[in-house]
Each structure stands twice: as C-alpha cells, then as structure tokens.
Amino acid sequence: MLRSLRANALDNGTLYLLVAFVIVFTTLAAYLAYLSRRLRAAQQSLEADAGSAAGEETAGR
Amino acid sequence: MISVDTSGRKSMTKPGQTAHVIADRLRLALGWVTVLTLAVSTGMAFFYAPTDAVQGQAQRIFYFHVPLAWVAYLAFFLVLIGSIGYLWKRERRWDTLAHSSAELGLFLTTLVLITGSLWGKTIWGTWWSWDPRLTATLVLWFIYLGYIMVRQFTTEAERGRRMSAVLGIVGFIDVPIVHQSVVWWRSLHPDPVVLNANGPQLPGTMLATLMVNLLAFTLLFLYFLLKRIQIANLEAAAVEQKRHAALVEGQRIG
C-alpha cells in the first residue's frame, strides 16, 4: 500500500479508499461520542431526580 | 434502600457493590478488545491484504463495506427478534432491543451506502446506479428510517411501539431480498464472494483480512448496542422516577 502510494502518487482508487476510511472511522467516532454524551446526560438526570426525590421525602416527613 | 444503577435496573443494595459494576467492567473490556481488534483489522486491510490486480487500491474499501453490511443485517435481525418478542410478551426490554438495533442498523446502512458509492465511482465510474442490490439496500434504509419516524411521530408511546414492531417484522423481508438480489436479477454489483455456492471466492490472505474485519465490526456493533440499551434503560428509569415523584407529591398535597 505505502509502496504503491510512493510509486503512483495518489491515483483515484487510493484517494477514494482514503476518503472511505476517513468517513467510516470519523462517523463511528462521532456516534460513540454521541452515545457517551447521551449516557452521561441520562446518568446525571437520574441522579438529580433521585436527589430531589430524597429531599422532598425528607421535607414531607 | 432501593437504588437505580447505571443500567436503569432497580437494586436493593448500595450502588458500587452490585452486579452492575461487573457489567460496566465487561462493557469497558469489550470496548478495549474492540479497539485492539479494529486496529489489527485496519492494519491488515491496508498493509497485509494484497492489492487487487484488476481493481487496484479501491478494492480495499471492500474490507469496510462488507463488514458494515454484515453488521447491518445482524442489527435488522435483532430488530426482528425484538419486535416479535415485544408483540408476544409486551415487555419493554424487547422493544428496547428492537429500537436500539434499528437505530444502529440505520446508521450502519448509511455507511454501507456511502462506502459502496465511493467504490462504485472508482470502478463503475458513477456514484449511483439503479441496480437491484443498490435499490433494495436504499429501500431497506427507508424502511428503518420509517421505523424510527413512526416512534418519533406517534403521540401515544405504546401505539408507536406496536406500530414500529410490526414494521420491524415486515421490514426484515427486505434483508434476504438485498442479499439475494445479485443472484436473482442481473446486477452490476459483484456476486457474494464468501457465502458463495462454490465456497469462498477469495485468496487466503484476502479472506483472512475480511474475517478479521468481520470480527472487529461485530464487536464494535455489540459494544454500541450494549451502550445504546444502557441509555434506553436509564432514560426509562428517569421517566419512571419522575412519575413516582409526581405521585408522591400528589399524595402529599392531597
């Protein structure tokens, strides 16, 4: 692959291969980042709700 | 004390001492194994597999395109299982499996279409052709887009779950059509090279590279799916907690 890159410069096939690689892996990384952010938000929301519910229960007593 | 763990499950013990810690660690381990396998598989795709004599470097797109298509099929199969399970048992966990898999399947099919288009531009000289395989894949993409939209636009959540489950079952019919389209109709798209009636039609090094990539993308799919299910469970637990808090507040005022 590297030898071919050096020998033929950047032919169309190599260019489209690199574009495909970049699109696939940046999209996968972006999706992972989206899932991680959504997971963190859900955890924080659950913890905040649990905290306020405990506070209300204490106030109720 | 009843607490809700990071998976949204209710537990009777303190958080940090329960099975969810093991589950979190297993998920983390799966993540690292996936990263390692992906690094190896990508290295093999670029440096180990030989350059195709006819297609040149563009043939290497195949090592991403085929595994993405395989995990998309797997995702839609899980949508089918989850949808049947939900209509039969009416348990939320089946719907969570189906919904999470559908979202992932749609995302992966988008990548399949993009990588296929890039390969087509190099080999066929066009970004798109109304070829049976490509058209059936686009139809598949629209079916699962419809699945997601049905859930978003139905005002009653239970009705949305039921309607999407029906769509998840009916929509799966397109998966074997996509796979067999190159056999049933005259197509520009290459025939199956692994699941071929005459056995795998690839040299050993190319087949090994493809298999390692299939493993890597399957692990990645499982990792994403587990994370997506964990999010769905947490969000459902948060809704449940809010409902419970509103009930307690109502009783206190009443």
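**A chat about chains A and B**

Visitor: Why does Arg90(B) count as partly exposed?
Guide: Because Arg90(B) has 13 C-beta neighbours inside 10 Å. The cut-offs go like this: with C-beta atoms placed from the backbone, a residue is buried if 20 or more others lie within 10 Å of its own, exposed if 12 or fewer, and partly exposed in between.

Visitor: Okay, and what kind of model is this?
Guide: It's a predicted model, where local features need pLDDT of at least 70 and side-chain atom pairs count only at pLDDT 80 or more, while totals for chains, interfaces and linings use all residues. Residues are numbered from 1 along each chain as its sequence is written, with chains lettered from A and ligands numbered from 1 in the order in which they are written.

Visitor: What's the mean pLDDT of chain B?
Guide: The mean is 89, and 93% of the residues of chain B reach 70 or more. pLDDT is the predictor's confidence in each residue, from 0 to 100.

Visitor: Where in chain B is confidence lowest, and where is it highest?
Guide: Lowest in strand S1 (residues 3–4), with a mean of 48, and highest in H2(B), at 96. Those labels are DSSP runs, numbered from the N terminus: helices are H or I with at least four residues, strands are E with at least two. For the model, the scores are ipTM 0.85 and pTM 0.86.

Visitor: Back to Arg90(B). Where is its place in chain B?
Guide: Arg90(B) sits in the loop between H2 and H3. Its phi is near 60 degrees, which is a positive value in a residue other than glycine.

Visitor: And H2(B), is that mostly covered or mostly uncovered?
Guide: Mostly covered, as 20 of the 28 residues of H2(B) are buried.

Visitor: Which residues touch the most other members of the largest nonpolar core?
Guide: That core has 57 residues, and those touching the most other members include Leu68(B), Leu108(B) and Phe221(B). A nonpolar core is a set of buried Ala, Val, Leu, Ile, Met, Phe, Trp, Tyr and Cys residues joined through C-beta atoms within 7 Å. The largest share of the core, 16 residues, comes from H2(B).

Visitor: What is Leu108(B) in contact with?
Guide: Leaving aside neighbours within four places in sequence, Leu68(B), Val71(B), Ala72(B) and Ala75(B). Contact here is when C-beta atoms, placed from the backbone, lie within 7 Å.

Visitor: What about Leu97(B), buried or exposed?
Guide: Buried, because 21 other C-beta atoms lie within 10 Å of Leu97(B). Leu97(B) is found in helix H3 of chain B. Leu97(B) and Leu225(B) are 128 residues apart in sequence, but 8.3 Å apart in space, C-alpha to C-alpha.

Visitor: Switching topic: how many residues of chain B are in contact with chain A?
Guide: 33 residues of chain B, against 26 residues of chain A. H7(B) gives the largest share of chain B's side, 15 residues. That side divides into 17 nonpolar, eight polar and eight charged residues. Nonpolar covers Ala, Val, Leu, Ile, Met, Phe, Trp, Tyr, Cys and Pro; charged covers Asp, Glu, Lys and Arg; the others, Gly among them, are polar.

Visitor: And how many helices and strands in chain A?
Guide: Two helices and zero strands. Of the 61 residues of chain A, 13% count as buried.

Technical notes. Two residues are in contact if their C-beta atoms, placed from the backbone, lie within 7 Å.
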